[in-house]
Amino acid sequence: MDKLRMHSVNKVNEHIEKITTLFPNCKTEVIKGHREDGTPIIEYAIDFDILRQELSDVVVEGPVERYQFTWPEKRKIILAANAPITKTLRPCREESVEFDTTENLYIEGDNLDALKLLQETYLSKVKMIYIDPPYNTGNDFVYEDDFSESVEKYMERSGNYDEEGNRLVKNTETNGRFHTDWLNMIYPRLKLARNLLRDDGVVFISIDDAEQENLKKLCDEVFGAKNFVACLIYDKNRKNDARYFSVGHEYLLVYFKNAQTIYDQGVIFRAPKEGVDEVRIEFERLKKLHGDNWDEVGKGIKELYSSWSNDDDRKPLARFTKVDEKGPYRDDGNISWPGGGGPKYEVLHPVTNKPCKIPDAGWRFPNPKRMKEEIDSGRVVFGPDETTLPRIRRNLFESDSQVMRSVHFSYAQTATVEFNKLFANVRVFDNPKSVDDIKRLIAYITEINDDSIILDFFSGSATTAHATMQLNAEDGGNRRFIMVQLPEETDEKSEAFKAGFKAICEIGKERIRRAAKKIRQENPDAKFDGGFRTLKVDSSNMEDVYYNPTEYQQVKLWTLADNIKPDRTPEDLLFQVMLDLGVLLSSKIEEISIGFKKVFSVADGYLLACFDDNVTDEVVTEIAKRKPYYYVMRDSSLATDSTAINFEQIFATYSPTTIRKVL
């Protein structure tokens, strides 16, 4: 039991915890003095300079010596991450699959812009983030966000492409800003991504030696060091042309959004043991063949074990050498209390009826009642007499899950071959990630019926989307994905360009289409969402006058027929409205007709929107009677001044709680 505190609440620590929950990067260490042996006394405190920067729209100066991870222009990128943008996501039906029914999203555009646009709608809604960002090897490209320019210029440019349409630059090792440019690129994106995670969310970030050390320090700041979970290692391939060592591994940093939430919920991650299903199938076959001749069944199971190589992930199952009606089992488990100091009570041997020898560390089970339950269930095995310590029995088919190891073997060539098969053996993308690796991660931390959202904002070839669909097809889950990818152009000399793919986005979308088709062919009875809504980052649907009406002369205002750009459709407006109101972009959208006016019904009438002109009292009345949570229209939509006057009274009569908005 927890001890009573017996003192009043330390408000300073409480305030520090509240602030660091919102801004983990503001927590720092300070030396408060030294002990008699000279060791420093370190306490946690708030870095007020960083906190001021988080709460300011100008660059805050004031360097103070402290333990921290920093680099040139760090304050500017904090400002840039917090800065608003006037952009939107425009739907593209012709590049989508099952647009009206899918709950998956494919967002085309700068992921910094996309993450900003998703802040309201997907705040604390994403269960898992997986990203494979540029590794900064000297040949990789990084996003040219140009944080070295003035803040005013950045705010004005707000992530737009340059005159040549370039956003990516090669970050060579000869660049004096080699690490700075990479950190400036990744920091604001991770900072924004953290906001999207659920409190029980998890983020996975692939990286190699070039930036692993810096990324770990950066993530400790963004997510909080206490939320660090593990650094997984993936051994991918041997490089025989290496001069000193064959460095063929990569890292996968894992962080919780809020470790305390995970602990409070009692969450434990477990994965199926490799090979258990194969053993179960073979056991059933042998049982039909040999009946209850367990010696023969056991012999056949051992033959299966022997067919696996020693480095096979399934090989640990070979320890389950004994067989009976419950399947393979082992009965050599330690019955002692872990770490010693356990309970000691009398346990009678079932044959001699004499007290068994008690382990020095005490029994594993806390009391005689619990011990009897384990004995009655057959999970405790006794020796020939009371002088031999009982052992724990473990049945393979009852203990078929395990904690994931931190080291994995993942052969890059296998992933490449599987990917190339989707594209008729044309190499349209280099070094795709393994579908099985990402599928294993998703299965490990998501529940089948949780409707988890999986986000990958460095989507590349869309392996994460493929893995999500594959897992859903296999276990009947309803996980949804959000992919974000910059429309990076392919090299004109590449196989991808020759195959007709002018940009990485085209490869990603086509990969999802082909993967969904392949999964359906291989799993004809499976039901899963194989579609996606394509959305493209673009400038706002609204004219500049919408945001800054005071900057326009009155005479100019009279000449503007509308505050909406002429090339924008009603559906464009709808998606910007959904972003502003925090309505999921995957929500069901229906077009209905009310008084010959087109009305969008989103999420079964949660939001109704009409952008037509000449909306009459009758149309407004019918809309109000449907009692939407939100109703949105254009400022110029109402047919007459009389309708404008009656508008509020109509809603007050039929749906006073509806929140009304105008464009």
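Here is a short chat about charged residues in this predicted model.

Student: How many salt bridges does a search of the whole structure find?
Tutor: Side chains of opposite charge can pair when their charged atoms come close. Searching the whole structure for salt bridges gives a total of 51.

Student: Is Asp200 buried or exposed?
Tutor: Asp200 sits in strand 8 (residues 197–207). Its relative accessible area is 13%, and the cut-off is under 20%, so Asp200 counts as buried.

Student: Which side chain makes a polar contact with the side chain of Asp200?
Tutor: Set aside neighbours within four places in sequence, and Asp200 is in contact with Lys127, Thr261, Ile262 and Gln265. The polar contact, at 2.9 Å, is with the side chain of Arg198.

Student: How many residues apart in sequence are the parts that Glu98 and Arg520 tie together?
Tutor: These two form a salt bridge, with the closest N and O atoms 3.7 Å apart. Glu98 lies in the loop between strand 3 (87–91) and strand 4 (105–108), while Arg520 is in helix 16 (residues 504–522), so the pair ties together parts whose separation in sequence is 422 residues.

Student: For Lys433 and Asp132, which one counts as buried?
Tutor: The two form a salt bridge, 3.9 Å between the closest N and O atoms. Asp132, at 23% relative accessibility, is partly exposed. At 15%, the buried one is Lys433.

Student: What separates Glu282 and Arg285 in helix 9?
Tutor: Their side chains meet in a salt bridge (2.8 Å, N to O). Because they are three residues apart in helix 9 (residues 276–290), the separation is about one helical turn.

Key: Residues are numbered from 1 along each chain as its sequence is written. This is a predicted model: local features need pLDDT of at least 70, side-chain atom pairs count only at pLDDT 80 or more; totals for chains, interfaces and linings use all residues. Side-chain values use heavy atoms; hydrogens and water are left out. Helices (H or I, at least four residues) and strands (E, at least two) are DSSP runs, numbered from the N terminus. Buried means under 20% relative accessible area, exposed over 50%, partly exposed in between (1.4 Å probe, protein chains only). A polar contact is a pair of N or O atoms within 3.5 Å; within protein, one must be able to donate a hydrogen and the other to accept it, and residues adjacent in sequence count only if both atoms are side-chain atoms. Contact means heavy atoms within 4.5 Å. A salt bridge is a side-chain nitrogen of Lys or Arg within 4 Å of a carboxyl oxygen of Asp or Glu.
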